[in-house]
Structures are given as structure tokens and as C-alpha cells.
Amino acid sequence: MTEVIDIDAPDGIRLAVTCAGPSDGPPVVLVHGFPELAYTWRHQIPALATAGYRVLAPDQRGYGGSSCPADVTAYDIHALTGDLAALLDAAGAERAVFVGHDWGATVVWNMAHLHPDRVAAVAGLSVPPVPRPRTTPTAVFRKFGDDFYILRFQEPGVMDAELGADPRTTLRALLAGAPGAPLPDWLTDDDLDVYAAAFTRTGFTGGLNWYRNMDRNWASTAQVPAPTIAVPSLFIGGRDDAVLGFTRTDRAREVVTGPYREEWLDGAGHWIPQEQSAEVNRILLEFLAFCGW
């Protein structure tokens with residue numbers, strides 16, 4: 001059975017969480033990215049629940065049915081990982097395996113650094129574990145030019161208005177790969193309707209505010225409770241993912257000291273939980289079994 005519940009997180013935040021699987025099953029938390037929702041995991045949730053796991057998939061703060069605070073600083077990495085710790089508290093769980101995609105991968109890698117006692121294992125999809133850069137992320141991204149999308153996202157209000165002018169068209173372009181592109185075979189009109197309805201209601205500001213905290217996150221994580229990730233870790237990447245064209249995947253061992261596995265999906269782009277859902281499910285279930293979870 002799948003249900004959506006609300007839980008309280010710090011700072012008066014309420015999270016809408018999709019839950020499935022036996023209440024006494026080992027908890028697995030699925031953490032979406034930008035511009036996504038818990039709905040992104042619609043293929044993983046039943047597969048993991050059927051295998052006996054207690055699946056918890058939140059709309060993260062700024063998205064969907066969860067709170068969208070106005071303050072940009074409310075979306076820093078400490079708030080985002082704090083929400084996941086609060087989710088475990090609400091579920092009565094000491095630890096979970098955390099699985100994240102895109103920005104969600106960044107959050108779960110940081111969960112292992114900032115809340116290591118709550119993490120049994122961690123998997124990042126489309127974004128690998130990377131060492132902390134020597135300078136601020138925005139300074140690093142300037143080598144791609146001032147029009148690089150992450151830099152364009154930094155100014156409050158500008159891209160919020162551009163993306164929010166027609167949310168369905170925006171989402172179609174982002175998920176299909178280009179404006180006016182036909183829907184890929186992994187995304188139906190009904191799926192797009194779900195995303196469009198959510199972002200028409202909330203706008204894109206919440207998600208964009210995550211990007212606006214990148215330099216703040218860098219400054220506040222020079223010292224963390226766990227400098228390396230000692231738990232079992234997994235990275236899954238798509239061979240055709242443009243994001244991995246500017247993200248290093250060869251430095252994981254500077255970050256991960258525990259067992260580490262890397263899987264590549266041929267013919268897959270960035271949206272791999274949806275693009276190659278059966279293969280992602282297979283890899284995740286193998287990883288969970290390896291972890292003894």
C-alpha cells in the first residue's frame with residue numbers, strides 16, 4: 001500500500017512523504033532532485049516495497065506538497081539533510097539507506113558527512129561523490145562562461161520568472177532534452193501533467209534556492225562530522241548524461257573510504273530512475289542485498 005503523509009521537520013517545515021512497504025521493513029529513503037518530485041521514484045517505490053523495504057520518498061522542501069519557505073538561506077545543505085534526519089525520527093528509524101538523484105544525490109552524499117550515524121549506506125544517481133573544491137562552486141563554474149545555467153540560477157527572481165512563465169513547457173524541455181522535443185518513451189503526457197500541476201502551484205523558486213546556497217554550503221562544510229564516507233556506497237551514471245560532462249567521476253575514492261561500486265547505463269541520459277527504471281531497480285536491489293539491509 002502506498003500513502004502520502006505529512007511530517008514535521010525543523011523550522012516549522014512540513015514534508016509530504018510517499019510511503020510504501022511493510023512498516024517494519026528496513027527503511028530506504030528516496031531523495032529527488034531538480035526539477036522533480038517524489039513522483040520521480042514511481043518505478044522504484046513499488047519494486048522496493050515488494051522486496052520488503054519500508055520506502056520513504058519525500059517531496060523535499062521547496063517542492064510539491066512540502067513547505068516552500070521564502071528565505072533563500074532556508075535551503076542550505078544543513079536544512080536539507082536536517083529534513084531527512086527528521087524524517088527518520090518521524091518514522092521511528094535510527095538509520096536508513098539513502099538513495100538520491102541529481103540534487104538529491106548531493107543531499108544524500110552530504111547526509112553521510114553531516115549525519116553519519118543515521119546512514120547505513122548511500123547511493124547517488126547521476127551525481128557522484130566529489131571532494132570539496134578549493135574555491136567556491138560559482139568560481140569553479142565560471143570557467144564555463146557567465147551564461148552557464150548554474151550561474152544564471154544565482155540571481156533571485158530572474159530564472160524564477162522565466163521558468164515559471166509556462167511550467168509545462170519548461171518541464172517538457174528539461175525532461176525531453178530540448179524545447180519542442182517530443183516526449184521520450186519513458187515520460188507520458190499524464191506524467192508530465194503531474195509535474196506541471198505541482199510546479200504551476202509552487203513555481204520554481206524553492207528548487208532554484210538550492211543552487212543559491214552552493215557557495216554557502218561550501219563555506220559551512222569545511223569541517224564536517226565525517227570527513228569521508230565509510231558506509232557502502234553506490235554511484236549510477238548514464239553514459240549520455242550531459243551533467244557528467246562537467247562533473248568529475250574519477251575522484252570518488254578521495255571521498256569514499258568504505259566499499260564503493262560504480263555502475264554505468266549505456267544509452268541513458270540524466271533522468272535514469274525514469275529512463276532505465278528496470279535496470280536501476282535491479283542495481284539498487286543488488287546493492288541493498290550487498291549491504292545486508
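This is a predicted model: local features need pLDDT of at least 70, side-chain atom pairs count only at pLDDT 80 or more; totals for chains, interfaces and linings use all residues.
Me: Why is the pair of Tyr63 and Trp210 called edge-to-face?
Reply: The ring centres of Tyr63 and Trp210 lie 5.5 Å apart, which is within the 6.5 Å asked of a pair, and their planes stand at 90 degrees, which is over 60, so the pair is called edge-to-face. The pair links distant parts of the chain, with Tyr63 in the loop between β4 and α2 and Trp210 in helix α9, 147 residues apart.

Me: How do you know whether Tyr63 and Trp210 are buried or exposed?
Reply: Buried means under 20% relative accessible area; Tyr63 has 0% relative accessibility, so Tyr63 counts as buried, and Trp210, also with a relative accessible area of 0%, is therefore buried.

Me: Why do Phe141 and Phe144 get the accessibility labels they have?
Reply: Phe141 has 12% relative accessibility, which is under 20%, so Phe141 counts as buried, whereas Phe144 at 38% falls between 20% and 50% and therefore counts as partly exposed.

Me: What makes the charged end of Arg132 count as sitting over the ring of Trp218?
Reply: The charged end of Arg132 is 4.2 Å from the centre of the Trp218 ring, and the distance asked for is within 6 Å, with a position within 35 degrees of the ring normal also required.

Note on methods: Residues are numbered from 1 along each chain as its sequence is written. Side-chain values use heavy atoms; hydrogens and water are left out. Rings of Phe, Tyr and Trp (its six-membered ring) pair if their centres lie within 6.5 Å; planes under 30 degrees apart count as stacked, over 60 as edge-to-face and the rest as tilted. Helices (H or I, at least four residues) and strands (E, at least two) are DSSP runs, numbered from the N terminus. Buried means under 20% relative accessible area, exposed over 50%, partly exposed in between (1.4 Å probe, protein chains only).
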